[in-house]
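Good morning, and thank you for making time for this item. I shall speak from the structure on the screen and take its overall build after a few individual residues.

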Amino acid sequence: MLEETNIFTPIEKKRFHAKNRLVRSATGEFMTDQNGCPTEDLIRLYENLAKGGVGTIVVGAAQVLSFGDAESDNFLLRLDSEECVKPLKALADVVKKYNVRIWQQIMIDDFEHKDSSGKFRPCPIDEMSREEIDIVINAHIKGAEYAEKAGFDGVQIHAAHGLLLSRFLSPKYNHRQDRYGENPLLIVKEMLWGIREKVSDEFHVSIKINCQDFEKGGLTEEGCIKYCCELSRAGIDSIEISGNETSRKGIVPGVNEAYFKNAAIELKKLIDTPVILVGGHRSISEMNKLLQNNNIDALSLSRPLISEPNLPNRWQSGDTRPSRCISCNRCYIPSNGKCFMDL
Ligand SMILES: Cc1cc2nc3c(=O)[nH]c(=O)nc-3n(C[C@H](O)[C@H](O)[C@H](O)COP(=O)(O)O)c2cc1C
């Protein structure tokens, strides 16, 4: 990377062209209707983000498979049927007016089985049948097809934060005796290849993955790097490095920012595939240092953009004070996408 690269340098990589290196990391806003479609308020929130100067937006996780009473899905976005396409298109169209790239994050939080009382319960990874693994793979492939139909530039497979795929990739939860246990990454690779067969050549496929699980017996940094190298060879378009303990509290600008950076730095020594790093970016000086010294391609932000959707424009205009986000995590309490400081 050139010495003068900074967060506002355009990114020009295969299937990843954006006006700058700032990515809005997927952030669920709890602002859907009962069918998992975006509300008018959510569309306005995304318009504000797009106006605020970020180069790429990853829309908060959308469920690609529902179980039982779909209305109980925590008011997450849904992308599990043709009916989801039109409402999401309204959101994508608004963002694209501002020359911002937009990817939809796709996920399944749990695979569920009916118990003896007829209630749906999460199924352990080891108990999923081969057919159920195919259902998971196909749901992600369909989700990507719907996202492209809705006008998105790409999707991001959510394989982090202890959700279904994250547990599938973790030696703590995956003790399967079949080929999905011998090589847990196979489920993601089959998804990736399946998506590529169905979408256009320009459509971006990203993954968000844990740099480590931060739990005994879980995925280690070494394991993550091995997976990422394999994903790079398999043709993934970008990798966003995250981790469990996702949104750490107590971040002080210039002191403990970029708390997952180690894995991203090590990974960029091994692969050319774009790496996006999330977690605790708060000051422009630290962010530029990361880009200049480590070959990391882009940096993603969640809480700072809840607090100040206009942060990229503010920085670019010369007001380089750090984000005002104090990492208190009160944004996890549904509040119409607003920072508690503005309530
Ligand atoms: C309210 C809220 C909702 C989030 N929803 C998602 C999500 O849907 N998908 C995801 O991968 N991460 C989600 N995250 C995690 C963020 O994308 C990000 O990884 C984390 O907050 C660390 O980055 P930050 O320090 O810039 O906030 C969420 C975070 C917050 C605060």
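Contact, as I use the word, means heavy atoms within 4.5 Å. Please bear in mind that this is a predicted model, in which local features need pLDDT of at least 70 and side-chain atom pairs count only at pLDDT 80 or more, while totals for chains, interfaces and linings use all residues. Residues are numbered from 1 along each chain as its sequence is written, and side-chain values use heavy atoms, with hydrogens and water left out.

I begin with Gln-105. Not counting residues up to four places away in sequence, Gln-105 touches Ala-26, Val-58, Val-59, Gly-60, Ala-61, Ala-62, Gln-156, His-158 and Lys-208. Gln-105 belongs to strand β6, residues 101-107; helices (H or I, at least four residues) and strands (E, at least two) are DSSP runs, numbered from the N terminus. Is Gln-105 buried or exposed? Its relative accessible area is 2%, so Gln-105 is buried. The scale calls a residue buried under 20% relative accessible area, exposed over 50%, and partly exposed in between, with a 1.4 Å probe and protein chains only. The side chain of Gln-105 also reaches the backbone nitrogen of Ala-61, at 3.5 Å. A polar contact is a pair of N or O atoms within 3.5 Å; within protein, one must be able to donate a hydrogen and the other to accept it, and residues adjacent in sequence count only if both atoms are side-chain atoms.

Next, Arg-196, which lies in helix α6, residues 186-198. Arg-196 counts as buried because its relative accessibility is 19%. Its side chain reaches the backbone oxygen of Ser-200 at 3.1 Å. Leaving aside neighbours within four places in sequence, Arg-196 is in contact with Arg-15, Asp-201, Phe-203, Val-205 and Asp-237.

Lys-51, in helix α1 (residues 40-51), counts as partly exposed, at 45% relative accessibility. Beyond four places in sequence, Lys-51 is in contact with Tyr-98, Asn-310 and Asn-313. Lys-51 and Asn-313 are 262 residues apart in sequence, yet 8.5 Å apart in space, C-alpha to C-alpha.

I turn to the aromatic rings. Rings of Phe, Tyr and Trp (its six-membered ring) pair if their centres lie within 6.5 Å; planes under 30 degrees apart count as stacked, over 60 as edge-to-face and the rest as tilted. The count comes to five aromatic pairs. Tyr-259 and Phe-260 form an edge-to-face pair, because their ring centres are 4.7 Å apart and their planes stand at 80 degrees. Both Tyr-259 and Phe-260 are buried. Elsewhere, ring pairs link Phe-67, Phe-111 and Phe-120 into a cluster.

Charges also sit over rings, a term that requires NZ of Lys or CZ of Arg within 6 Å of the ring centre and within 35 degrees of the ring normal. The charged end of Arg-330 sits over the ring of Phe-340, 3.6 Å from its centre, and that of Arg-248 over the ring of Phe-214, 5.2 Å from its centre.

Finally, the whole protein. How many helices and strands does the protein have? There are eleven helices and 13 strands. The C-alpha trace spans about 60 × 45 × 40 Å along its principal axes. Of the 343 residues, 59% count as buried. Among contacts with a separation of 6 or more, 69% come from residues 24 or more positions apart.
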